[in-house]
Each structure stands twice: as structure tokens, then as C-alpha cells.
Amino acid sequence: MGEVEVIHLWSTPRSLSTSLMYSFAQRDDMEVLDEPLYANFLRVTGYDRPYREELLSKMEPDGNKVIKDIIFAPGKKKYRFCKHIAKQKVPGLASDLMKKGRHFILIRNPLDILPSYDKVIPATFSELGFSELVSVYNELKELGRPPPIIDAAELQKDPEATLRGLCEDLDIPFEHKMLKWEACPKAIDGVWAPWWYKTVHKSTGFESARKYPLPFPFTLYDLLEQTTPLYNFLRRHVKQKSLLLMSPLPTPDLPVPANEKLLAWVGDEILPRDSAKVSVFDSVVQGGDSVWEGLRVYRGKIFKLDEHLDRLFDSSKALAFQNVPTRDEVKGAIFGTLIRNGMFDNAHIRLSLTRGKKVTSGMSPEFNLYGCTLIVLAEWKPPVYDNTSGITLVTATTRRNAPNNLDSKIHHNNLLNNILAKIEGNNAKAGDAIMLDKDGFVSETNATNIFLVKKGKVLTPDADYCLPGITRATVMDLVVKEKLVLEERRISLSEFHTADEVWTTGTMGELTPVVKIDGRVIGDGQVGPVTRRLQNAYRKLTEESGVPIPTYQDTKK
């Protein structure tokens, strides 16, 4: 007899944990315990079971004795595998249970657990134990021992790859014999096996999931709603070993890593990034039926907030939205989101207002009976273009929408017209793409308004086809204040090709120099003096104006 290395499996019921126990039991270096804390759980909680009296008479009911004298007792083999159901970790158990041994977690989608669970006992939130499983994960993480997590779906899809990965995480060698066992009851089974293990007793290995699942019992729908978020939380921490849960693409790096953890407003609540989602019935999903604004935050103030809100409400009115939130409600959501995130400078807000959730899928706004959905997405985001050295543009073949098709003055989310042009810009490795109107005159780029300078005069296309942007209007005012000549008219593409200076304007990028269009160098290929002059004027304006964010204290003054 000698010291044994203990491997703890934690799971919810009906999660293939018994199959996994049988898998580990095939190893010559492994002894197995089937839910050694079960009797203590029944003693402490008083839960009823068809086999309660038999179990209490045959198993040690004192949990701390089990931990000391059974789980961590000396043994004849190198390893001891302990299968635990998370809810059996009740208060009062010795801390050694979590501090010693190697732990891992097995999860399974509640959609697959619930249909079979209440064949023995009624399914309830406490019986399933998802919250206790999350607590096990959090406790181990706080101890500096975050456990590997595997998904039962992976075991069914590719058992060898999943077990190899698990063994690697547990620092034990994988053995092929873990993939097969005899179809029969086992000596290692707990006394509850006749009630719970009938199916697994017929198995000889990890069986593939059904091609088509069983119908879900909708009497358990509320329980599914309660447990799915907890499953999804744990699923995000699965160390993916098979192709089932693995994206075909590597996990991308975020442009700003700090945005990995942020809070977003959706509907009437603030949620963590990965939980911030809209309904599949929302109009923005059903048809891009939404309006939006981009806002920038400078040193505790939101620049041109009221102008952006004016346009948001104008756009929602033009699209005949009903049950629109009030201006104060929208402002409150914006302020609340920024304050919660601690974003008071160098941040950008994507503010969206959808027509809202529908009662059934379909185009008609008559199905929108829940009111609008407000989304406030705040991110750390510096200007997205190179405002120091400038960018290049190409001209897209995609023409800008005409007002008789879809008026660009409505700031709507249905951006396919712009996206098609942006694809052309990306393919040409340009910063953006110029879009022409139906007559071939320059309208704007796929994302910004555009200006040129020729012989000291500043020109910008009229707003018949383009969005009359708020940054565009701001810069037009600055042109006048700087005592420069401003002209708004139809402008041909060749006038941009031969301009002395060109820049674009938009909230996300501010005022961006353009140094080349369609291969033609603009001016001398450098950022021009008028551009620099207006950039400085714009920067000064952002420092001096804006709507203050409540609670912000400017420590730089």
C-alpha cells in the first residue's frame, strides 16, 4: 500500500460521467470510486431516493471520513479516479477535497440531459446542480488550479482525441484500452446503478450522439432557460481537442485587447461581452431593420451627443418605429454603459436602435409588439485611420443608393450597399472606397464623407446621395470659421484625382488625410496645410465641447 494520486471528475447527472468512469477503470494503474460522497449528500440534504436506505447502509455517510479514509487513503495502484456529482459537494467538507489531487470537469448541454433525467426522479434546478458545477470551477480557479473542462459532445464525436487531450492535461499517459469496455454491470457501480445505468450497461464504448435528437419535453422549458447560461459559461472554458467545438479559424487577436472584457447595454440591461446578444426574432436579425449612430468620448465628454440623438430619432421616425425610448432613457443608457466600463476618454460608442423583437418571424412591422431594442456598445477605440500620414482610396464599381431607392439620410443598419464597396476597397488594399452616384459624380466613401481642396477652395459633394454626416457638418463650420472658401456641389471623380488636398470625415476616424486615389498621388503625396489646419481646429473643438458624463472627474486639469 502506498500514496495514491487522486483524479477528481466533477459533473452534473446524465453527462456521460459513468461512461468516463468505465473508461478510466480499464487502466491497470487506476482504481475507481463511484460517487463516494453520495451517502453524505443524502444524509445532509435529506433528499429522497428509491435506494436511499440501502445506500446509507452500505456507504460511509460522514463526508470528512470519506475524504480522509477513502478518497485519499493509501492504495495498491498509482491513481484513484473519483467520480463526483457537483451537487454532492455540500458545505462542511474538508478543504483537502479541492486542494489535493487533480481535478477536471465534464459538462453536457441541458438539451441532452433533461429529456432522460426525470425518468427516475423529477428534474429540478437543484437536482441538476449546474450552479454547484460552476462553483466547483470558480473555487478551483481561485485556488490557482483552473481545471480542464471537456464537453460530453466531444467525447461522443471523437473520444480518442478528447481523451488524449484530457490525459495530457492531467499529466498521465493515454491508453487505447480506455476506449472500450464490456457491456455489463460492473463491480465498481454504486448501489443506484439499477435505476440510472441501464443504458450504459449495454455500451462497449463512447457511442456517437443520435443523428437527430429526441423531441424536447417542453414541460422542462423553464429549467432549460435557467441552466443553459451556466452550461454556456463553462463551455467557453473548454480546451478544445476535437473538431466538434473548434472553429475552423484560429481565435483572432482583438485590435484593442482591453475590449476583451467590456459591458454592453442590450434592451434594458448591461451585460458582459459574451452575453450581450439580441433575440433571433429581433428586427435587426430579421432584416437589418435598425438605425444607428457613432459617438466619440473625449476627456469625460461625448462629442456632438445631441446632434447624433437628433439624427437617431429622425431616422427612427422616417422608418415609422413605434414605442421608441425617450431621449432621457437613451442618454441614461449611454451614460450608464460608459460609467460601468470606466470609459471616459479615447472611446467610441456604437449606438443602435432596432425596431425590436417580433412575435413571429416575418417582414411586417405589425409583428413588432415588444417595443424597440436599444444597444449601447462602448469600446476602447482610437481613430481607425492613419491621420498622420494619410490613407489611399480606390473608386468602387458599386454605386451609392439613390434617394428613390433607400435614402442615405436615414442612418439605417442595412449597410450592404456600403459593405460591397468596402469589399472592393479591401481587395485593392486601400483604406476605403469612393462611391459614385447614379450619374457618376462622387457621393462619399463607403464609410465617410469626403472633401477636397483646389487652389485654396474647399469643396465637398452635396448631400443628395450621401449621408449628411455630423462630422461633415462640423468640419464645414470649421472651414467657414477658418475663413476659407467652402463650396458644396456635384463633384466629378477627376476633380478628386487632380485635387491639391483630400480628406475624409467621420466620427470613427475624425479627419483623415488622403494621399492617393486610384493610383493618382494627391498634391505632393503629403498631408496638406489646409488639412493640418482643420485637423488642429477639430481637435481643439473636441477638447472644448461635448456633453459631460455624470460622475466624471477630470484629473488632468
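**Close-up 1. Packing of helices α8 and α12 in the predicted model.** The axes of helix α8 (residues 130-142) and helix α12 (residues 221-235) come within 9 Å of each other and cross at roughly 25°. Because this angle is under 35 degrees, α8 is roughly parallel to α12. The crossing of α8 past α12 is left-handed.

**Close-up 2. Residues in the contact of α8 with α12.** On the α8 side, the contact is made by Phe130, Ser131, Leu133, Val134, Tyr137 and Asn138. Helix α12 contributes Thr227, Leu230, Tyr231, Phe233 and Leu234. Eight nonpolar and three polar residues take part in the contact of α8 with α12, with no charged residues.

**Close-up 3. The largest pocket and its lining.** The space in the largest pocket amounts to about 1300 Å³. Its lining comprises 45 residues, and Arg14, Leu16, Arg108, Ser116 and Thr199 lie nearest the centre of the pocket. At least two lining residues are supplied by each of α1 (17-25), β3 (79-85), α6 (110-117), α9 (152-157) and α11 (193-196). Helix α6 provides the largest share, five residues. The lining of the largest pocket has 22 nonpolar, 11 polar and 12 charged residues.

**Close-up 4. The largest cavity.** The model has four cavities of 30 Å³ or more, and the largest cavity has a volume of about 60 Å³. Asp437, Phe441, Val442, Ser443, Pro461, Asp462, Asp464, Tyr465, Arg490 and Ile491 line the largest cavity. By class, this lining has five nonpolar, one polar and four charged residues.

Notes
Residues numbered from 1 in each chain as written. Predicted model: local features only at pLDDT ≥ 70, side-chain atom pairs only at ≥ 80, totals over all residues. Heavy atoms only, no water. 1 Å grid on protein atoms, 1.4 Å probe; cavity = no way out; pocket = protein on both sides within 12 Å on 5 of 7 lines; lining within 4 Å. Points joined across faces, edges and corners; volume = space filled by probe spheres on them. Helix = DSSP H or I, 4+ residues; strand = E, 2+ residues; numbered from the N terminus. Nonpolar A, V, L, I, M, F, W, Y, C, P; charged D, E, K, R; others polar. Axes fitted to C-alpha atoms, helices over the stretch in contact; angles between N-to-C directions. Parallel < 35°, antiparallel > 145°, perpendicular 65-115°, else oblique. Left-handed = near helix turned anticlockwise from the far one by under 90°. Contact = heavy atoms within 4.5 Å.
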